[in-house]
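Subject: Structure handover

Hi,

Here is the structure I promised to pass on to you. Could you load it next to this email while you read?

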Amino acid sequence: MNLFRHHINVWTVALFFLIVGLALMSSCSQNLNSNSTSGGKGTAAEAQTFVTEAEKRLFDLNVKFSRADWVKSTFITDDTEALSAEANKEVIAATTELADQSRRFDGLDLPYDTARKLKLLKLSLTLPAPKDPAERDELTKLAASLEGDYGKGKYCPDGDKGKCLSLGDMEEIMGSSRDPEELKRIWLGWHQVSPPYRKDYVRFVELSNKGAQEMGFKDTGAMWRAKYDMEPDAFAAEMERLWQQVKPLYDSLYTYTRRKLTAKYGKDVVPPDGPIPAHLLGNMWAQQWGNIYPLLKPEGTGDRGYDLTQILKSRNTDAKQMVQFGESFFTSLGFDSLPQTFWQRSMLVKPTDHEAVCHASAWDIDYEKDVRLKMCIQINEEDFTTVHHELGHNYYQMAYAGQPFLYRDSANDGFHEAIGDTMALSVTPPYLKQIGLIDKVPDQSADIGFLLQRALDKVAFLPFGYLVDQWRWKVFSGEVSPNDYNKAWWDLRLKYQGIAPPAPRSEQDFDAGAKYHVPANTPYARYFLAAILQFQFHRALCHEAGFNGPLYHVLNLRKQESGREVETNVGNGFEQTVARSAKSDDR
Ligand SMILES: [Zn+2]
């Protein structure tokens, strides 16, 4: 019996044994399973003590896991994977145990905070695991190795002896090459990284579902959908409603893009009435299309007036300066500078002497001030924006640091993803001029180009943001069986995005697994929500700052009041609504 292992308090223990004793006396026939120490109904006062102790215990274990996970992610070896898996297992075990024990407070009339924290406790895991220690062990090891295998993934065109390409190298080519054969080769090269762990993923799903079911959910997908302060089915319906609202925008952008690509590559490569081949959209996952803007710009009006990537490169901007640009945006809004430890402990460039997970993420190691960025920064516009996105997470994390542990997260995970993107929406030509990156603000004739570029990143993303978890929800629920993983993935890609793979695929492939969030088990609905929320936040901030012009021109956000407005709002954290993680990923 290891309840309240940490910060033990004599009165709590005395009370606890008294309750268990009474419960056992009064209900000898009750079937207490070996993991449950709950016994009979608790009282409101006990619930409050329980929550306080649970927060202390989870805080300690989560900090321990964050440290182990940070070391694993920035230095992948068998040992660091094992240490991270071990620490993750302890968090999962404790959370499962506490969630179980908290059932004795079900149905009690509790103060708001106690009731809310008990609910958050039950929903806090992204990876529910079986109670059986051997199965839990197996699952956490699988979780660590899946992310590690993705992180180590590379493509060696000339075999093992030749030069190998990292994912970053391949993404660069996908963004800049206009040779369909080369693009196809690179696309296929990256997509051979995931088939080796397809079997592991099947087992991972099986074990995680078992954990979710033991916690009272239908499956892991249903557990994820329960984190939005509505029923899981209602959340799915809300996603669909939002998608239907924005779909006409996507349809227009899509048909325009296809017409331009047919003109560029010919009818044989891009059939004018068929799906767009996935390798021609400037991105490995065809999720954002900004990189092919030069192919799509409207004649006459399409000059955006500047090329930020070129400007950054010509100034010899380095990775640290990229982050400093982001930081100065936040400080100009009235936020504090990043702590010294951020600069000492972050990983900003790809290590050359060991493996690391390059996928950008923002960390909150001690849930206080030890925030960090892990990113293999490339000097281009896309990463300039990503830096703002990631720092949005870090500032959010620092804003809710004063909250009780279970509230140290966003209202829902879509909010966490939306904050940095909201800031990046203000990286407009007037802002770039203000910080000296461009000499003059292009005149109004450049607006169409600017907005098209935005649409290629934001609107093009919407169906992808929606479909990743459509796939995963079906996989977790069993609607898609392991025999159909790849077919189901491409059915969704066709249905929502209107794209097709560049070559025939089979169930030997595992194309969903070639997207980070699948092997890393990061829910994806959050990015779809953020793609909508950020524009709502942006509009609200513009109005708050008294700006009445076109929202894409807004500059006056750099006014202290609106920064404080953000900080006050995000600082409320999880208190007002519902998911927890010390790490937030880039999409
Ligand atoms: Zn993010």
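Below is what I found in it, starting with the conventions and the overall picture.

Please keep in mind that this is a predicted model, so local features need pLDDT of at least 70 and side-chain atom pairs count only at pLDDT 80 or more, while totals for chains, interfaces and linings use all residues. Residues are numbered from 1 along each chain as its sequence is written.

**Overall**

The protein chain has 22 helices and seven strands. Helices (H or I, at least four residues) and strands (E, at least two) are DSSP runs, numbered from the N terminus. Of the 587 residues in the protein chain, 47% count as buried. Buried here is defined by 20 or more other C-beta atoms within 10 Å of the residue's own, exposed by 12 or fewer, and partly exposed is in between, with C-beta atoms placed from the backbone.

**Helix α2 and its partners**

Helix α2 (residues 44-74) packs against α3 at an angle of about 160°, and the two axes are 8 Å apart. Axes are lines fitted to C-alpha atoms, for helices over the stretch in contact, and angles run from 0 to 180 degrees between N-to-C directions. The two helices, α2 and α3, are therefore roughly antiparallel to each other. For the wording: angles under 35 degrees count as roughly parallel, over 145 as roughly antiparallel, 65 to 115 as roughly perpendicular and the rest as oblique.

The crossing of α2 with α3 is left-handed, a term used if the near helix is turned anticlockwise from the far one by less than a right angle (right-handed if clockwise). On the α2 side the contact includes Leu58, Leu61, Phe65 and Ala68, and on the α3 side it includes Leu83, Ala87, Val91 and Leu98. Contact means that the C-beta atoms of two residues, placed from the backbone, lie within 7 Å. By type, the residues of this α2 and α3 contact divide into eleven nonpolar, five polar and six charged. In that scheme Ala, Val, Leu, Ile, Met, Phe, Trp, Tyr, Cys and Pro count as nonpolar, Asp, Glu, Lys and Arg as charged, and the others, Gly among them, as polar.

Helix α2 also meets helix α4 (residues 112-123): their axes come within 10 Å and cross at roughly 50°. That makes α2 oblique to α4, and this crossing is left-handed. Ala47, Gln48, Val51 and Ala54 of α2 make the contact with Thr114, Lys117, Leu118 and Leu121 of α4. These residues divide into five nonpolar, two polar and one charged.

**Helices α10 and α19**

Helix α10 (residues 232-265) and helix α19 (residues 461-477) pack at about 155°, with axes 9 Å apart. That makes α10 roughly antiparallel to α19, and their crossing is left-handed. Met239, Trp243, Val246 and Tyr250 in α10 meet Leu462, Pro463 and Tyr466 in α19. The residues of this contact divide into seven nonpolar, no polar and no charged.

Strand β4 (residues 361-364) and strand β5 (residues 371-374) run antiparallel and are joined by four bridges; strands pair if DSSP finds at least two bridges between them. Aspartate 364 stands opposite valine 371 in β5. In a regular strand the side chains alternate between the two faces of the sheet. Both faces of β4 are covered: Ser361 and Trp363 on one side, and Ala362 and Asp364 on the other, are all buried.

The two strands, β4 and β5, form a hairpin with six residues between them, and tyrosine 367 in the turn has a positive phi of about 60°. Tyrosine 367 is buried, with 21 other C-beta atoms within 10 Å.

**Individual residues**

Alanine 286 has a positive phi of about 55° although it is not a glycine. Alanine 286 sits in the loop between β3 (276-277) and α11 (293-296), and counts as buried with 23 C-beta neighbours inside 10 Å.

Threonine 96 lies in helix α3 (residues 78-101) and counts as buried, with 21 C-beta neighbours inside 10 Å. Leaving aside neighbours within four places in sequence, threonine 96 is in contact with Ala129, Lys131 and Met215. Threonine 96 and methionine 215 are 119 residues apart in sequence and 7.4 Å apart in space, C-alpha to C-alpha.

Lysine 458 lies in helix α18 (residues 447-458). Lysine 458 and tryptophan 289 are 169 residues apart in sequence and 8.8 Å apart in space, C-alpha to C-alpha.
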